[in-house]
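Please open the model in your viewer and keep the selection tool at hand. The stops below proceed from one chain to the contact between chains.

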Amino acid sequence: MDQLLELKTGYDKIGHLLELPPADKDNDSLLDQFFYLVIGGEVLTDAEASAKLYGSGKNGSYAPYQKLKSKLKVYLPYRLCQLVPQGPGEGRISIFSARMHLLSARTCMASNKIMAAEWLLLEAFRLGKTVEQFRVVKEAAGELCELYAGPLYNLSEFFKYRKEFQQNAELEKAVGTLQLHYYNLRGVEIKKDRRLQTLDTNFQPIIDETMALLKKHNGSKVVNYGYGLLQSIFILKGDFATAREYAEEALEKAKELTYLKRGILAIKLSSLILILSKLGKYEECLSLINRREDLGLAQSSSPYVYLFYRILSLLALGRYEESVAESGRIDLEEVEKLHSAEYAASFRVIFAYQHVLGRLGYLDQIDPPKQVKKFRFNRFMNQVQLLEKNKQGYNIHLRIIELIYLAVNKKYDTFIDKTEGVEKYVVRYLSKPDHQRNGLFLKMLASATKHNFDPEVIAQEEQESFDTLKSLDNVAFLMDLPSTEFIPYDQLWPIFLAALKE
Amino acid sequence: MKVLQELFPHVNLLNVLQHMEDDCTPKYLKRIRQLFQRLRDASETNETEMVRLLYGDSRTSSHPPFQELLTKTSVAAIKAFVLPSARHTSSPSRRAMIQRCERAYALLYMTSERSTETRIKLWRQLVKSARQCHHIPLELECLQVLQAIYGYRSFDETLLEDTETKIRRCFDENSAITRCKMAAMDLRIASTEGTPYPRNIPAEEIISAIRQYDLYDIQYYGGEMLTQLSIHQQDWREALNYSGGALTFFRENFPKERQPLVHFLYNQVLIFTALLDFSQGWSRWKDLLRLCKRGKTSSATQLGKVIEVGIVLALRCGNAKTTSKLLLAIEDGGGVKLIPEREYGRWLTYLRSLALLNNDRPDVLEMIATQERRIQREGKKIVFRREDEQIMAIIECLQLLRGQSFRKAAVIVTTLRDSLPKRLSPDHPEYRLQLFLRLLVESGYANFHRAATLRKTSKILKRLRTTGPGITDDGIDTELIVYEHLWEILLLTLTEKAPRLPYLAN
């Protein structure tokens, strides 16, 4: 039943285009009755369906019902997959429509209705081209070649579609290859595979192949996967300058696209913003976010992406009050719905830092929003820790916020208790070179215990560590959200010292 | 208009009206009814006639409301024709299975992109089904969806690696399919155009592809291309080998698929025709005819082609006994309906040739004459190709000689002589025909006297015997009855007496 219900969800997207006659309970066959029950959402389990069709007392294992269900698995897609008109500007429906034209063309060809087949194939070809469905275009071109080499013999048309067949076969392979590398790389990222940084040469063939394909082909998928790959590789290698070059090139290319232009522009824009923030170019980052209207992305389907980077840039630039004002626009429930729980956790971490800033008097000029003002540390720890399995990632921020929060609240005994844990944590999880910056900062925070929480002594004794910290790049995690230093450590250190002074 | 003309016999008006996108006004409805009425009364009506009937005499076929009416009605007719008719069967044909997979894919594609357990299961099932029916492009697409799921949304390293391996395999198979299909198409075009075969045909790659991949498309297009190439090079052993290999593959893996079996059996009949092996060719032809009759979707033209190749086989092998069976097959298949009008001349040549072989069988001759009369009655203007005209002239000449009408035969021989070049070149595609015509002319110079003819033609006959009959790429050669055999028939008609005046002037 699950499979039928899963297929039925497709109907919800195309139902308005279909020509399904209304159910007629008296005259419909049992199969049609079952069909209408499923697409009407009237039955959700086998037991319900069996009882409705065969009367109460018959459960899902009733043999005639099982047979009927296996028939419906074939019948349901046939009833729903009809020749539908192309929806205006709707990519997904155009794709569906192109596929249905190709399917119907094949039905006509098998029945030797070649004129109808030609008409349908030409439509499938045209529709497929507009939505970059290379397989559909290739197969339609292939079938047209067969027609023009056979029953509708036409030499010039044959050569035209032969060329299209060849080109689309190449495009299909090119996109497939890029996608293969792209997801391979995503896998490496998810595994936090460090091979990326140490074994540069492993990725050179991928880079070369991608560059060659980008030079040869064009189109939304090529631009998306191709530049996405190059950016990811260079970000993961820590070469942000090169990544920026590709991100800017990708943005330019995305402007020329016809299909999925807006979506790809949005992806490429957020990639460039990410890279700029990694490069510490926060002013450029802000101006790029402000410029998104020029790119037609003012009404974005994911406004929180831009909001996140706007807040991040403002924090990094020391414009704390502006950043807090922006935080007022965040609805965490909506963030979780539109993005993910991890994304919402990032905003929670931001609120925590902003709360600390408020406590230290950095936000006196404005009235902070309730998320910041009514921040509760223990609730925050529970909410974020529940999401975090990774011992690095958000855990680092939790430790930092915890220590600063304890310092702000003058809970020095608890601070001392936590110090031992932090030191062990640094040794165990942050010993690798990638985390040198994180580890060093946590050690600097923990050193307050050694210097009796005297800010002047701490500043003096830890000056050397602070200089080292400033010289280090943030190379940990690189891509994912928790890797972000929401307030750069160089700025956070004086804030911590100020907390001790109060 | 052509779409409507084609679909009109298969849909009814009510059904078409049900599928019209918008509600029709009474005036619009009236026009559609008129359109259908006209198609029923005169299906060959062209667009100009139709637009004048519907919108007045001053309109041309580009009249926008007429074009809109045509488009809307055509789409509705197509929808009515391709109405879903899924039949649940546990062993569907390959085409039905491809349709099932494609429809399930389209529905799944429309659904949201969450990677639920059921969804993953459905994608995996689709991969399996697509592989089962050798629909590699769809398998690749489904694998790419799974790759996106395993590589990102529900990360699973082992499954991701496994999917990647399968994707790489599909890439190779897809490339091989593209190569085979394109090569087969190029050969079809070259064969139809009569141009030399493209030099860059990747024959070696295709040979290795059909050895490596047991896949429908590769075996079909690769087998077609290699068989065609071997036939073109008159390498009959290789041609038999490739077509036989493909036949074995399809019989073992897709016994329900009619099209490839018909295709390769047709090729084999042609090859045995060229090899003059009647018994093998006839047994293949019987299988071919059985298959064609069994198929619900066989077109009359396809059946006509099959009977045509049977006639060519019988004529080439000089087997007159099967003529009545061939004529019965024509009769059963629908007679003249089997033959496209442009080929009436060709078929008349076949019938005359058959009549020549069956000279001593009045019942068969009567059947042939009936078919001939039908063709002549149906054909408004029967066109003969130049080669067919020559064959018809030769047959007429032989019939006249049989009837001892030597002077009339001499007139025909004179015409044929004038069409001959002065020097015969072995490289000429019609070299054997030219040699035979020379034999005929020499016989005329010998006043159709047997002994004199034998004496005068010995050298030309020797030259004829050094060559062998071939077949063209599409199998329909000018040499219907082998010229050596035709010569033997001619010798039997010659006289022992010398005439008082020569029949043929120098």
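Begin by selecting domain 1 and domain 3 of chain A, whose C-alpha centres lie 48 Å apart. This is a predicted model, and the distance is computed from its atoms.

Next, colour chain A by its domain assignment: domain 1 covers 2-80, domain 2 covers 91-175, domain 3 covers 304-387 and domain 4 covers 391-502.

Now display chain A as a cartoon. The chain contains 26 helices and zero strands. Of the 502 residues in chain A, 46% are buried. Where contacts in chain A join residues at least 6 apart in sequence, 60% of them link residues at least 24 apart.

Then select the contact between the chains, to which chain A gives 60 residues and chain B gives 55 residues. Which helix of chain A supplies the largest share of the side that touches chain B? Select helix 8 of chain A, which provides 15 residues. Helix 8 spans 155-190, and other helices of chain A that each supply at least two residues include helix 1 (2-14), helix 4 (63-80) and helix 5 (91-110). Colouring this side of chain A by residue class gives 30 nonpolar, 15 polar and 15 charged residues.

Finally, colour chain B by pLDDT: the average is 83, and 95% of its residues score at least 70. For the complex, the predictor gives an ipTM of 0.80 and a pTM of 0.78.

Definitions and conventions:
Residues numbered from 1 in each chain as written. Chains lettered and ligands numbered in written order. Predicted model: local features only at pLDDT ≥ 70, side-chain atom pairs only at ≥ 80, totals over all residues. Contact = placed C-beta atoms within 7 Å. Helix = DSSP H or I, 4+ residues; strand = E, 2+ residues; numbered from the N terminus. Nonpolar A, V, L, I, M, F, W, Y, C, P; charged D, E, K, R; others polar. pLDDT = per-residue confidence, 0-100. Domains from an automatic or database assignment. Buried ≥ 20, exposed ≤ 12 C-beta atoms within 10 Å, placed from the backbone.
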